[in-house]
Amino acid sequence: MFEPPLTGFSYSFTDDGFYEVAYYRAGSNPQQPTCPKGIIQWQHGKYHKASNGSLILNPFAVDGRQLMSDPCTYQNSVYTRYRQQEIFKQYEVKVNEFDKAMRLNLYGWDGAPMNPMYLAYKPPQMLPTVTLNPTTGAPTEGSKPASTGNTKRSLAGDEDGLVQEALNRNALSKRTDTVKADWIWWFGVGMTALGGVGYFCF
């Protein structure tokens, strides 16, 4: 799993009460500008509209994932489960006056507006609206989750019972270059020197 080229967020909703959300945030590091941080969050589940006009998003307990990148602290990115209910005080679906595109305005639990989102696909392009990674003792609707949303995922083995074969165990392995850059540099220096010797000798 690698970071997308641009930061941002996306919400998708179906008419029958399912949703999917993806976030990618980047954070600066004033003390070490060469070490910016990044975080990817993804979850899906069910939503419902409350009588007061608010929108409540309840994720599937075992499916949410978070990938945090902090290159100056960890050798590899940290992959964990993620679960966070979201409440929006209100929402608006409007047609943008400039380009006539459908626009979704969401307001946080405190009424603070989020950046507007524009319709990209209809129907939305989403993963299946069912639990993708069921685990032993997975919670049913209305029950307490079997594990917390921030349980750390083991990438080396399955000792904590959280690694699923359906996911790529090596997705977070550190990438290594097949050809070392310094070897190429020295090879180029050697060939340049050899060419110079040949020029003067022949």
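**View 1. Pairing of β8 with β9 in a predicted model.** Strand β8 is joined by six bridges to strand β9 (residues 102-107), and the two run antiparallel. Strands here are DSSP runs of E of at least two residues, numbered from the N terminus, and two strands pair if DSSP finds at least two bridges between them. K94 has R103 of β9 as its bridge partner. The structure is a predicted model, in which local features need pLDDT of at least 70, side-chain atom pairs count only at pLDDT 80 or more, and totals for chains, interfaces and linings use all residues. Residues are numbered from 1 along each chain as its sequence is written, and side-chain values use heavy atoms, with hydrogens and water left out.

**View 2. The open sheet β8-β9-β10.** Three strands make up this open sheet, in the order β8-β9-β10, with antiparallel pairing. β8 (90-95) and β10 (117-118) are at the edges with a single partner strand each, so one side of each has no neighbour in the sheet. Strands of a sheet pair through backbone hydrogen bonds.

**View 3. Strands β5 and β6.** β5 (residues 65-69) and β6 run antiparallel and are joined by four bridges. M68 is opposite V78 of β6. From β6 (residues 78-81), V78 and T80 point one way, while Y79 and R81 point the other way; all are buried. Buried means under 20% relative accessible area, exposed over 50%, and partly exposed in between, with a 1.4 Å probe and protein chains only.

**View 4. The disulfide C35-C72.** One disulfide, defined as a pair of cysteine sulfur atoms within 2.5 Å, is found in a search of the whole structure. The sulfur atoms of C35 and C72 are 1.4 Å apart. C35 is in the loop between β2 (18-27) and β3 (37-49), and C72 is in the loop between β5 and β6, so the pair ties together parts 37 residues apart in sequence. C35 is buried, at 4% relative accessible area, whereas C72 is partly exposed, at 40%.

**View 5. Lining of the largest pocket.** A pocket is an open set of points on a 1 Å grid over the protein atoms alone, where a 1.4 Å probe fits, with protein on both sides within 12 Å along at least five of seven lines; lining residues have an atom within 4 Å of a point. The largest pocket is lined by 32 residues, with Y11, S12, F13, L119 and P124 nearest its centre. β1 contributes the most to this lining, with six residues.
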